[in-house]
Amino acid sequence: MKIAIIGGGNMGGAIAKGIAAGSLVPASDLTVTAHTQQTLDKIKGYDPAIRTTLDNREAVQGADLVVLAVKPWLLEEVVKEIRGGLDYRKQAVASVIGRSSFEELGKLLDNGSGVMPVMYRIIPNTAISLGESVTFIAEQGAPKERLDELVSIFSELGQTVVVKEPMMGPGTSLASCGIAFALKYLDASIQGGVELGFAPEEARAVVMQTMRGALEMMNLNGTMPQTEIDKVTTPGGMTLRGLAAMEESGFTEAVKAGLFNSK
Ligand SMILES: NC(=O)C1=CN([C@@H]2O[C@H](COP(=O)(O)OP(=O)(O)OC[C@H]3O[C@@H](n4cnc5c(N)ncnc54)[C@H](OP(=O)(O)O)[C@@H]3O)[C@@H](O)[C@H]2O)C=CC1
Ligand SMILES: O=C(O)[C@@H]1CCC=N1
């Protein structure tokens with residue numbers, strides 16, 4: 001599958017890096033565009049075989065899948081630029097834009113011919129660059145074998161979850177924004193560790209290994225977090241005092257507020 005990624009920034013670049021490292025799409029079948037040459041040079045650093053160009057119209061020529069990965073406010077401009085050069089019978093269009101919809105994308109792509117392309121919404125998280133993404137995919141009009149092919153590509157880069165469109169927003173909050181939310185906990189822990197007397201680098205190493213251990217216990221034991229929390233928490237002990245203070249400060253509600261307000 002030949003793939004053109006329009007906008008090789010944090011997300012588009014991470015997708016390119018991940019796909020180029022995978023086995024299903026040769027790097028030479030990937031074309032990435034950006035606004036500046038500096039970004040394209042960075043993309044070449046991932047794999048020199050990735051094709052790069054500042055010309056979006058040139059990039060989409062011959063692509064089986066065009067992935068739109070620009071900031072939301074640039075979507076309309078970019079679609080208008082490439083629309084005339086697309087053959088909707090052969091070329092599918094995917095949006096990775098966080099808050100978009102098939103309805104909105106369809107309106108922008110409508111060229112009055114009555115033919116619409118197969119459309120996808122694909123929301124990975126930035127860990128796709130190292131093959132550890134959770135990627136939500138929804139489709140509109142895709143034949144099963146084409147969806148399966150797309151899922152195979154992204155499944156090499158972490159877990160893929162195919163959903164109906166209404167779950168794309170919640171999926172984006174939990175997994176894509178979720179990377180930032182998880183890191184926010186780690187950041188707070190490191191800050192706290194420094195205030196407890198550790199050097200920042202020491203606190204970073206301790207917090208990372210603690211998080212790794214917590215995840216691995218859940219993974220190996222097949223448990224929910226509370227089961228592992230119970231194993232740590234001595235009645236009347238230190239952990240209980242800490243957990244109570246966290247909840248008094250609204251920890252669980254704060255995390256949920258982050259999820260609910262991001263979608
Ligand atoms: N970051 C994330 O974790 C996630 C992001 N998304 C979505 O991905 C999209 C991009 O976000 P993100 O990658 O963070 O943003 P970035 O700003 O990092 O990337 C946007 C890219 O678009 C390029 N660009 C700007 N104008 C044009 C143009 N006219 N033609 C082609 N390329 C252009 C920029 O080029 P240059 O670098 O040269 O300026 C930049 O590389 C957003 O819509 C966001 O909702 C979705 C899920 C997760
Ligand atoms: O913050 C955003 O809007 C994008 C979408 C999900 C992650 N980043």
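Analyst: First, a term: helices (at least four residues) and strands (at least two) are DSSP runs, numbered from the N terminus. Also, this is a predicted model.
User: OK. How many helices and strands does the protein chain have?
Analyst: The secondary structure comes to eleven helices and eight strands.
User: What box do the C-alpha atoms fill?
Analyst: Roughly 70 × 35 × 35 Å, taken along the principal axes.
User: And how much of the chain is buried?
Analyst: Of its 263 residues, 30% count as buried.
User: What about contacts between residues 24 or more positions apart?
Analyst: They make up 64% of the contacts with a separation of 6 or more.
User: Let's pick a helix. What span does H6 have?
Analyst: H6 covers residues 144–155, twelve in total. From first C-alpha to last it reaches 16 Å, close to the 16 Å expected at 1.5 Å a residue.
User: Which residues of H6 are buried?
Analyst: Leu150, Ile153 and Phe154.
User: Why are they on the same side of H6?
Analyst: Because they cover an arc of only 95° around the axis. In general, an α-helix has 3.6 residues a turn, so residues three or four places apart point the same way.
User: What's on the other side of H6?
Analyst: Lys144, Glu145 and Asp148, which are exposed there.
User: And what do the buried residues pack against?
Analyst: In H6, they pack against helix H1 (10–21) and three strands: E6 (119–123), E7 (133–140) and E8 (158–162).
User: New topic. Which residues surround ligand 2?
Analyst: Gly98, Thr172, Ser176 and Cys177.
User: What classes are in that shell around ligand 2?
Analyst: Three polar residues, one nonpolar and no charged ones.

Notes: Residues are numbered from 1 along each chain as its sequence is written. Chains are lettered from A and ligands numbered from 1 in the order in which they are written. This is a predicted model: local features need pLDDT of at least 70, side-chain atom pairs count only at pLDDT 80 or more; totals for chains, interfaces and linings use all residues. The expected span of a helix is 1.5 Å times one less than its number of residues. A residue is buried if 20 or more other C-beta atoms lie within 10 Å of its own, exposed if 12 or fewer, and partly exposed in between; C-beta atoms are placed from the backbone. The arc is that of the directions from the helix axis to the C-beta atoms. Two residues are in contact if their C-beta atoms, placed from the backbone, lie within 7 Å. A residue is near a molecule or strand if its C-beta atom, placed from the backbone, lies within 6 Å of it. Ala, Val, Leu, Ile, Met, Phe, Trp, Tyr, Cys and Pro count as nonpolar, Asp, Glu, Lys and Arg as charged, and the others, Gly among them, as polar.
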